Amino acid sequence: ADRASGLAFACDRGSSSALAEALAGEIRRLSAMGSVQRLIVELRAADALSPIAAAFSADSGAELADLAELEAAVVVVDGQRFFDDYLSKDTLAARGLALEPSERRRVAQVLAEQIGAADTLVVSWADRATSGELGFVEDTLRHMNPSASLRRHSLGDIRSLQWRAAA
């Protein structure tokens, strides 16, 4: 039977690269314990997924590739607000999401980067959108990342989030 563990720790450094380094240290520590089989890491809204995924890539020579396998990179997209966010000109700072005071990236830029790096895209609030709205969101996500699997999640339906990377 698989055992899953969640890891919550604070990284006071702002960048996603710094987060990847801090995460690497935690994974080394957990690997040395030998008791963790699966780890779920939740990133902040402004974090870039690519540096985290690169930390696990054997192709890049990353040391974590010998300790752990990145089974899936999952990005959850709000099915109701997707186009509000994707078409927004708001900066992360304007929404209180900036990782550093000098942060200049836009919400739409970060959203596009995260979607592009995902293995699995989960559309949340699927039960609150019309079928037409949901179809438009899903078509856009498929266009942005055709290789990602796409799943819907409705409020309270935990079964819709049970999967394996190969699913």
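A residue is called buried here when its relative accessible area is under 20%, exposed when it is over 50%, and partly exposed in between (1.4 Å probe, protein chains only). Of the 167 residues of the chain, 34% count as buried. The model is predicted: local features need pLDDT of at least 70, side-chain atom pairs count only at pLDDT 80 or more, and totals for chains, interfaces and linings use all residues. Residues are numbered from 1 along each chain as its sequence is written, and side-chain values use heavy atoms, with hydrogens and water left out.

**Overall layout**

Five helices and five strands make up the secondary structure; helices (H or I, at least four residues) and strands (E, at least two) are DSSP runs, numbered from the N terminus. Their order from the N terminus is β-α-β-α-β-α-α-β-α-β. With contact meaning heavy atoms within 4.5 Å, residues 24 or more positions apart supply 66% of the contacts in the chain that have a separation of 6 or more. The accessible surface of the chain, computed by the Shrake-Rupley method with a 1.4 Å probe, is about 10,100 Å², and carbon and sulfur atoms hold 50% of that surface.

**D85 and its surroundings**

D85 sits in helix α3 (residues 82–86) and counts as buried because its relative accessibility is 15%. Leaving aside residues up to four places away in sequence, D85 touches R95, V107, A108 and L111. Its side chain also makes a polar contact with the side chain of R81 at 2.9 Å; such a contact is a pair of N or O atoms within 3.5 Å, where within protein one must be able to donate a hydrogen and the other to accept it, and residues adjacent in sequence count only if both atoms are side-chain atoms.

Q109 belongs to helix α4 (residues 107–117) and is partly exposed, with a relative accessible area of 37%. The C-alpha atoms of Q109 and D85 are 9.6 Å apart, at 24 residues along the chain.

**Salt bridges**

A salt bridge is a side-chain nitrogen of Lys or Arg within 4 Å of a carboxyl oxygen of Asp or Glu. The count comes to eight salt bridges, among them these:

| Pair | N to O distance |
|---|---|
| D85 and R95 | 2.7 Å |
| R105 and E103 | 2.7 Å |
| D139 and R142 | 3.7 Å |

R95 is partly exposed, at a relative accessible area of 28%. R81, D85, D90 and R95 are linked in a network of salt bridges.

R105 and E103 are both buried. D139 and R142 both lie in helix α5 (residues 131–144), three residues apart, about one turn of the helix. R142 is partly exposed, with a relative accessible area of 45%.
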